[in-house]
Amino acid sequence: MTDEAPQPTSQPAGDLGTASAQARVQFVGTGPGDPNLLTLRAVDAINRAQVIVISCPGHRILLGSDFLNLRPDVRIVSAGGADEEANVVPGTGSPRPVEVDEYCADTTAAIINATSQGLEVVRLVNGDPFLDGDISAEAAAVARADRDVDVVPGVTGMTAVPEYAGLTLHGHDVQLVGNAACQRDVEGNGSVWSANGLIVVNTSADRIKEVVEHAVASGRSKDEPAALICRGATTQQTTYTTTLGELPRTAKGARLADDESIHIAIGKVVEAPAREELDWYESKPLFGWSILIPRTRDHSATLPSRLQSYGAHSLDVPTISMEPPRTPQQMDKAIRGLVEGRYEWVVFTSANAVRAVSEKLEQIGLDTRAYSGLRIAAIFDSTVNALAEQGVRADLVPSGEQSTRALAAVFPAFDDVLDPINRVFVPRADIATESLSASLSELGWEVEDVVGYRTVRAAPPPAETREAIKTGKFDAVVFTSSTTVRNLVGIAGKPHKHTVVAAVGMRTAETCREHGLTVDVIAPEPTAISLADALADFAAKRRDEMVANGLPVVRPSQRKRRGRRPSR
């Protein structure tokens with residue numbers, strides 16, 4: 001494994017900048033917080049949209065998710081205030097928010113104007129559009145303007161958030177009270193709540209006292225079990241179990257902002273041990289961990305996605321940039337040979353190599369049709385995906401382990417009867433070894449091993465990220481190659497001594513030690529999934545030891561930070 005693993009290859013449909021005669025507005029529910037709760041239809045609508053209207057700073061971060069593939073020409077329009085949007089800063093380990101292109105005071109007018117230009121518009125709404133979002137009036141106004149309207153239902157936070165907190169809704173009388181209904185009810189303009197069963201209320205933190213008063217007036221006891229769920233269905237979720245009467249004091253201790261969205265659950269189902277037994281989300285081994293992923297240009301969603309499945313949130317920091325070779329003549333000669341039929345095989349060992357060859361072909365006015373008649377071999381899913389993006393299918397990819405060794409093991413030997421040409425073109429990075437070329441030569445092939453690109457250090461990350469690295473605000477850093485170790489230390493400094501260090505293999509681990517880092521986790525297999533699994537196992541054992549010793553379970557970043565630890 002050189003870096004990371006595969007990246008989604010879904011592509012936006014249609015030619016860029018092409019207006020549609022059937023332009024429509026899709027009101028898309030984004031769910032309560034976890035981006036993985038987006039429906040497949042929502043992902044497709046977002047990826048196809050030419051204009052995306054967002055209504056909160058969280059949508060900017062959502063649109064930065066790895067599994068989304070926004071159109072290059074998409075325009076992001078904010079229905080929120082410019083000051084509010086400009087100040088959004090992702091938390092440590094959160095995706096970088098997308099940039100807002102314009103702000104609008106009249107959302108409906110902005111939508112109608114975009115559709116009048118024949119553009120596909122997506123209007124993002126938290127939770128479910130017609131249940132949580134309360135945008136039926138806005139959708140009706142767009143429809144009255146004779147625009148086509150679609151609604152993409154989303155997962156409602158009023159059921160998902162309690163379930164993320166370990167509360168079972170099945171078998172109970174459940175009353176769901178949305179934010180707008182809650183405001184009407186507590187102001188005396190709505191309805192009385194149920195005196196029995198489970199009540200789930202979505203509201204803001206500044207309304208907790210009124211919620212308690214209305215629940216008591218509806219017949220609930222102040223001693224009844226209650227749960228306060230903050231930042232529900234995110235990796236920052238916190239659930240406080242208390243009683244109805246103690247909710248205001250609990251909220252005060254949690255130091256919530258007045259406008260922070262919360263969920264309150266009232267009823268017997270909140271009682272322990274039932275909730276503790278079903279606390280599936282906050283008990284994940286990496287729950288709440290902020291993880292730094294130094295990466296190369298070959299970006300993959302596999303590692304962040306796997307880490308998120310264990311409850312973590314991650315931040316990618318580029319450590320490598322790709323530059324042309326210092327002496328391009330050899331690459332120019334190889335590309336001419338490729339076009340002239342000099343080779344039988346082209347072997348790609350990275351997505352960067354695919355891009356390097358593609359750029360050279362474009363420079364001389366050619367495209368991937370130059371591969372016609374050639375056989376293509378590749379390793380790593382990211383490489384295969386990079387080829388697929390250009391409409392090229394690899395003829396040979398090793399199954400299982402993805403390495404030059406595995407490719408050499410399945411590569412056919414040269415046969416002077418069956419193979420008309422005995423040459424193989426291997427474009428690679430300047431820092432890559434020639435071990436593959438030696439193996440192919442032993443199989444009888446004449447290998448032209450060519451430096452197609454140079455890898456250089458990327459620019460330093462933002463000052464905020466560098467400070468977080470040095471002061472221990474990340475719980476862990478996962479290194480996917482020796483190069484990422486060297487370059488991260490070079491551009492951002494060493495991670496803090498309390499930051500858990502995970503390495504993809506023994507060679508990467510040794511490089512960590514050479515740079516004064518203590519390695520806590522080494523993946524048993526050189527893959528992104530194995531690395532994430534090994535880190536999760538480490539975290540689970542660490543948590544169990546704390547519990548066994550009667551210690552509070554705290555993340556590495558929550559320990560006192562007093563300088564860096566010495567190397568072993």
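Helices H18 and H19 are roughly parallel to each other, a class that takes angles under 35 degrees, with over 145 counted as roughly antiparallel, 65 to 115 as roughly perpendicular and the rest as oblique. This is a predicted model, in which local features need pLDDT of at least 70, side-chain atom pairs count only at pLDDT 80 or more, and totals for chains, interfaces and linings use all residues. Residues are numbered from 1 along each chain as its sequence is written, and side-chain values use heavy atoms, with hydrogens and water left out.

**Helix packing**

H18 packs against two helices, H19 and H17. Helices (H or I, at least four residues) and strands (E, at least two) are DSSP runs, numbered from the N terminus. Axes are lines fitted to C-alpha atoms, for helices over the stretch in contact; angles run from 0 to 180 degrees between N-to-C directions.

| Helix pair | Axes come within | Crossing angle |
|---|---|---|
| H18 (residues 482–492) and H19 (residues 506–514) | 8 Å | roughly 20° |
| H17 (residues 463–471) and H18 | 10 Å | roughly 110° |

The H17 angle makes that helix roughly perpendicular to H18. H17 and H18 cross in the left-handed sense. The crossing of H18 and H19 is right-handed. Left-handed means that the near helix is turned anticlockwise from the far one by less than a right angle; right-handed means clockwise.

Which residues make the contact of H18 with H19? H18 supplies Ser 482, Val 485 and Arg 486, and H19 supplies Arg 507, Thr 508, Thr 511 and Cys 512. Contact here is heavy atoms within 4.5 Å. These residues divide into 2 nonpolar, 3 polar and 2 charged. Nonpolar covers Ala, Val, Leu, Ile, Met, Phe, Trp, Tyr, Cys and Pro; charged covers Asp, Glu, Lys and Arg; the others, Gly among them, are polar.

On the H17 side, Arg 466, Ile 469 and Lys 470 meet Leu 488, Ile 491 and Ala 492 of H18. That contact has 4 nonpolar, no polar and 2 charged residues.

**Sheets**

Strands pair if DSSP finds at least two bridges between them. E20 (residues 500–503) pairs with E21 in the parallel sense over 2 bridges. Ala 502 has Val 521 of E21 as its bridge partner.

Another open sheet of 5 strands runs E7-E8-E11-E9-E10, with mixed pairing. E7 (174–177) and E10 (238–243) each have a single partner strand, so one side of each is left without a neighbour in the sheet. The twist averages 15° from one strand to the next. E7 and E8 (residues 198–204) run parallel, joined by 4 bridges. Gln 175 has Ile 199 of E8 as its bridge partner.

**Aromatic pairs**

The whole structure holds 9 aromatic pairs. Rings of Phe, Tyr and Trp (its six-membered ring) pair if their centres lie within 6.5 Å; planes under 30 degrees apart are stacked, over 60 edge-to-face and the rest tilted. Tyr 164 and Tyr 281 have ring centres 4.6 Å apart and planes at 70°, so the pair is edge-to-face. Tyr 164 lies in helix H6 (residues 157–164), and Tyr 281 in the loop between helix H10 (274–277) and strand E12 (290–295), so the pair ties together parts that are 117 residues apart in sequence.
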